[in-house]
Amino acid sequence: MSYVLKLRIWRGDKDGGEVKDYPVEVSEGEVVLDAIHRVQGTQAGDLAVRWNCKAGKCGSCSAEVNGRPRLMCMCRLSDFAEDETITVTPMRTFPVIRDLVTDVSFNYEKAKQLPSAQLGPRDPDGKRRMAQVDVERGQEFRKCIECFLCQDVCHVVRDHEDNKESFAGPRFFLRYAELDMHPLDTHDRRELAQGAAGLGMCNITKCCTEVCPEGIKITDNAIIPMKERVVDKKFDPLVWLGDKIGLRNKDNEGRTEP
Amino acid sequence: MTDMSAANGRHPMTGNELSGEAAGGMERHDYDVVVVGAGGAGLRAAIAAHEAGARTAIVCKSLLGKAHTVMAEGGIAAAMGNRWPEDNWEVHFRDTMRGGKMLNNWRMAQLHAQEAPERVQELEDWGALFDRTDDGLISQRDFGGHKYARLAHVGDRTGLEMIRTLQQRAVALGIDVFMECTVTDVFRDGDKVAGAFAYWRESGRFIVFDAPSVILATGGIGKSFKVTSNSWEYTGDGHALAMRAGASLINMEFVQFHPTGMVWPPSVKGLLVTESVRGDGGILKNSEGKRFMFDYIPEFFRAETADTVEEADAWYDDKKNNRRPPELLPRDEVARAINSEIKAGRGTPHGGIYLDIASRRTPEFIRKRLPSMYHQFKELADVDITAEPMEIGPTCHYVMGGVEVDADTQESAVTGLYAVGECSGGMHGSNRLGGNSLGDLLVFGKRAGEHASTYAASLAGARPRVDEADVRAAQASALAPFEVEGGENPYTIQSDLQQSMNDLVGIIRTRAELEESLDAIEVFKQRAATMVVEGHRQYNPGWHLALDLRNMLIVSECIARAALAREESRGGHTRDDFPGPDPEWGTKNLVVNLNEAGTGVDLHEKPLPEMPEELKGYFA
């Protein structure tokens, strides 16, 4: 049942580091995070790693397993041959703090720049009404557990530090799309998505969709529709004319720019 | 990293100054209200404090949005009446009290039932997308112990929706968040709170918060047990901080073992399987294929529980003419029944029992209503829950006990110290109903935030001051594990403690085992006094665990001591040697304090607050 896994873990900090060998006993049904924890408990008490729920729900234990962005808690050892070496390294797009822990503040900064939901008044009876079919579009995006693997894999920022300033990344395009598709939201964030968030820089290679542990169709259901909505606004001649002659400051769905 | 906000010379995520040039290498911050913890309760409290005008900080052990609330699955109990217009706060209040076997603080149960609907609506105002009824209102689902379908939900990931909504609200309001920052002490000036002491996990550097109001919202204690649905953060920090600051805890003997945790594979043993599976039609069967819950209907709930399969199955569609299925009895009842079946040798191959929804609902229905459960079993256990039953067993899930607080303000016995959510006590009595936790976080989070803010404002210039000697002591205490040589590592001690609590203070308890557990805890304390950590202070999980372990030990002792004292069985406390409830015990709480020497726990009895006559009428 149990065997010794050939596990390699990157150890180091912002000044550099290296992959080290940690052969460790593992057993049936275990995941990469179990192996990491065993190393921590028996061989390297100060091995730095983030984790919380160990159930694929919190998105804390993101790392790269044999070069692929994964949640360590959802990465089963049975998917690898017993004699295969498993190498765990920190997410490459974010600066290392220590060992497998990276500085993901990029994401928290981008979150601050995004105007949140702004609903109109409630119905006279104090409640709100939305159809299930209408909330389901946003619900798919709100499944996001903020593991930031999509941000990690996105080649716009993965190897281009200089793009980070002007590019919010797939996780936040998801959020723009969610708010844009919210049945009762009153703000129009399309200008912002295109401008400040850099939606136009995405050239839909779908890497983000591939690594999403929640299976959210980030590219097809969020980014592409969002790009289309931006284009609709940009090139709608009526909108252009209305803006030009100052007759309208609302788009055709009655929303205002933030 | 881009230097997006490095303009102010601080770390963009944590706000940390890594220069080390501050006096004593220590940061100092001044706030009106410091909230410890960023789950549902902490975030709601911080939002309320901020909106009431207080300068507010949130301090949390993990990144923002990762707290344990994210794991909550089923929903938020609130009598909105969207599915059953007959539902109202009075019915919810009655259900809550009966679920807690009447040991609840009646005033908290009342406030909760009255205010939960508006707290849920508020989440929707802030962008939450709940599942809908056919009329477009917020949908409500069935859960154990609730007379009507009452839980507002989003599939089976309601907690994620709640924490994300609150997180986004807090960010929109611009509230300061200190992420990956652990509070280790609450400072006092005389009998009032003066501030808090914390360390950055990233750098290991210390911070002093000067603040007249501290709100503890640190969650539970589940990590003291081996089989648990709780995350690493659940080490009883708020419970222990409050005790060290001079406050008391109540109801610590009541620990909820959720009936349905995963039992296989070993690495996920204890992981929660939502009660919604049963709320949506799932049933429990033993290895002989028998639907055994009909054999375990207690007298207390007999009048309202179906005693035939036909009636139980008809209830899902017609609640007026049928009684509830026994699978939807409160959690304590179901967990004990499962435990008995397994002990009687009617368990599954991996030592659980079967939870079956595959034979009861269509695959489409299951995937739509229980997407996370489908995903969780598929990914982690290779089980397709639309085609085969799940194997499940009880898992340590929630502590009813916590800081003794005033029902209306959530203030503890220490002026300026508040507690809210799982780390507070009283609301749930001896057993919590599913769905009442998320409501609890919102209702009392808001109350605590407002009252903490009002109190801070009332002080004007006359604020309590942090004593520098206390700061030095807190620092020495935090660094102590680095000073020792030759002792054990904290992981070993933690693992032994978890095994011991699981074996001796678990779901079924006896005097002999509880006494043994207290002896064991004394030995763990001695071992912890000489534990060593390797490495340095920068992001060192071994050191972090060493500090958390102190809290786990004190909280474990509270649980064992109160469990030994209460010689009856009630809710989340079952004594094999005292199998039934005792009316005399039903009139009192057990209160625990840190002893004079600060090395152990003192315990005394206290009469339960008495319910006013007009409320007693609901239980006639």
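Start with the largest nonpolar core of this predicted model. It holds 254 residues. Select A:F173, B:V34, B:V35, B:V59, B:A196, B:I215 and B:L216, the members that touch the most others in this core. Next select helix α15 of chain B, residues 541–565, which supplies the largest share of the core with 15 residues.

Now go to B:V59. Which residues does B:V59 touch, leaving out those up to four places away in sequence? Show B:V34, B:V35 and B:V36, then B:F178, B:C181, B:V183 and B:A198: these are its contacts.

Move on to strand β13 of chain B, residues 255–262. Is this strand buried or exposed? 8 of its 8 residues are buried, so β13 of chain B is largely enclosed by the rest of the structure. To find one point where they face each other, select B:V255, which stands opposite B:V399 in β16 of chain B. While side chains are shown, keep in mind that in a regular strand they alternate between the two faces of the sheet.

Finally, zoom out to the whole of chain B. Colour it by secondary structure to see 16 helices and 21 strands. Its radius of gyration is 23 Å, close to the 25 Å that the globule rule gives for 620 residues, so chain B is as compact as a globular protein of that length. The C-alpha trace of chain B spans about 75 × 55 × 55 Å along its principal axes. Of the 620 residues of chain B, 61% count as buried. Among contacts in chain B with a separation of 6 or more, 73% are between residues 24 or more positions apart.

Technical notes. Residues are numbered from 1 along each chain as its sequence is written. Chains are lettered from A and ligands numbered from 1 in the order in which they are written. This is a predicted model: local features need pLDDT of at least 70, side-chain atom pairs count only at pLDDT 80 or more; totals for chains, interfaces and linings use all residues. A residue is buried if 20 or more other C-beta atoms lie within 10 Å of its own, exposed if 12 or fewer, and partly exposed in between; C-beta atoms are placed from the backbone. Helices (H or I, at least four residues) and strands (E, at least two) are DSSP runs, numbered from the N terminus. Two strands pair if DSSP finds at least two bridges between them. The radius of gyration is taken over C-alpha atoms; the globule rule is 2.2 Å times the number of residues to the power 0.38. Two residues are in contact if their C-beta atoms, placed from the backbone, lie within 7 Å. A nonpolar core is a set of buried Ala, Val, Leu, Ile, Met, Phe, Trp, Tyr and Cys residues joined through C-beta atoms within 7 Å.
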